[in-house]
Amino acid sequence: MAGIEGALEAVLAYAADDSHGYVFGASGYGAGTDCSGLVQYYAAKIEGVEPTSYPNLNTRNMRSVMTGRGWKAMEFTGTSALKRGDVLLTNSKSHTVIWLGGGRIVGAEGDWDGKRGDGSGTEVTERSYYAYSWQWVLRWPGGGIEEDGLWGEDTTLATQGVLGMRYKDGEVSRQDASLKARMPGCTTGWEWLDEPGSGSPLIRELQRIWGAEQTGVMDVDTINAMIGYYMKKGSGATKRDGKLDRNSKTIKQFQHEVNNGRV
């Protein structure tokens with residue numbers, strides 16, 4: 001299975017290739033697909049099967065087919081309850097898209113010019129969210145990362161996806177081993193070295209967002225910048241103590257933001 005981030009990466013790459021346009025009822029994916037076909041492509045990638053061997057989806061059968069394969073269906077109550085990778089569905093308007101978080105979606109929207117491919121770049125595309133009488137949310141089990149205050153490989157991989165980083169490997173590389181004891185909340189996927197060198201590209205990007213010096217190494221100043229940043233977002237942390245404990249309130253808020261497609 002590719003998992004949610006791997007499946008989203010595949011769908012976004014497909015949408016970015018403008019040789020693929022909107023083709024109603026298409027099942028081969030060579031020239032393009034429609035909205036249900038794109039969700040079929042996404043679901044197949046998550047489940048680890050070929051999109052063309054997945055049961056043919058349309059907006060009428062999608063909920064029953066996908067729940068029969070282990071997906072969870074919930075009534076749509078607004079975007080605040082969504083997790084990155086959720087599928088939005090309306091039967092009344094026969095449409096479906098995939099929620100990326102941060103007010104962004106990816107979907108197959110329509111054939112605007114009647115020509116092969118996507119001449120406008122807006123037929124099969126990532127775009128801003130729009131309200132459309134959504135009725136259902138379909139979520140793969142374990143959709144989103146667990147907001148448990150433990151920063152492991154899943155949290156890193158999801159963050160790399162949200163930030164659109166080139167390398168998505170779930171690893172925080174080249175970190176200072178002398179600081180490990182200050183971060184028991186940072187678990188799997190962290191590389192601890194006596195001589196960290198240039199640090200991690202992911203941490204460098206997060207330092208830019210959090211307002212810390214961009215060294216690539218998660219040092220005390222960076223931890224405090226992270227704590228302060230998420231205090232403002234309602235983490236419930238009360239002091240900048242240069243630590244990320246297990247089940248950290250700061251990491252929980254960070255995970256919550258990532259689940260909503262932002263940092």
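Predicted model: local features only at pLDDT ≥ 70, side-chain atom pairs only at ≥ 80, totals over all residues.
Q: What percentage of the 263 residues of the protein count as buried?
A: A residue is called buried under 20% relative accessible area, exposed over 50%, and partly exposed in between, with a 1.4 Å probe and protein chains only. Of the 263 residues of the protein, the share that counts as buried is 50%.

Q: What radius of gyration does the protein have?
A: The radius is taken over C-alpha atoms, and the globule rule is 2.2 Å times the number of residues to the power 0.38. Along its principal axes the C-alpha trace spans about 60 × 35 × 30 Å. With 263 residues, a compact globule would have a radius of gyration near 18 Å, and the value for the protein agrees with this, being 20 Å.

Q: How far apart are the end C-alpha atoms of H6?
A: Helices (H or I, at least four residues) and strands (E, at least two) are DSSP runs numbered from the N terminus, and the protein has 7 helices and 10 strands. The expected span of a helix is 1.5 Å times one less than its number of residues. For the 12 residues of H6 this gives 16 Å, and the model agrees, because the end C-alpha atoms of H6 are apart by 16 Å.

Q: Which helices are included in what covers the buried residues of H6?
A: The buried residues of H6 include Thr 222, Ile 223, Met 226 and Tyr 230. With contact meaning heavy atoms within 4.5 Å, the cover of these buried residues includes helix H5 (201–210) and H7.

Q: What is the angle between the planes of Tyr 130 and Tyr 132?
A: Rings of Phe, Tyr and Trp (its six-membered ring) pair if their centres lie within 6.5 Å, and planes under 30 degrees apart count as stacked, over 60 as edge-to-face and the rest as tilted. A search of the whole structure finds 16 aromatic pairs. One of them is formed by Tyr 130 and Tyr 132, which is edge-to-face at 5.8 Å centre to centre, with an angle between the planes of 90°.

Q: Why is the pair of Tyr 230 and Phe 254 tilted, and how many residues apart are the two?
A: The ring centres of Tyr 230 and Phe 254 are 5.8 Å apart and their planes stand at 50°, so the pair is tilted. The pair links distant parts of the chain, since Tyr 230 lies in helix H6 (residues 220–231) and Phe 254 in helix H7 (residues 249–259), and their separation is 24 residues.

Q: The charged end of which residue sits over the ring of Trp 136?
A: A charge sits over a ring if NZ of Lys or CZ of Arg is within 6 Å of the ring centre and within 35 degrees of the ring normal. The charged end of Arg 69 sits over the ring of Tyr 54, 4.2 Å from its centre. Over the ring of Trp 136, 3.8 Å from its centre, sits the charged end of Arg 63.

Note on methods
Residues numbered from 1 in each chain as written. Heavy atoms only, no water.
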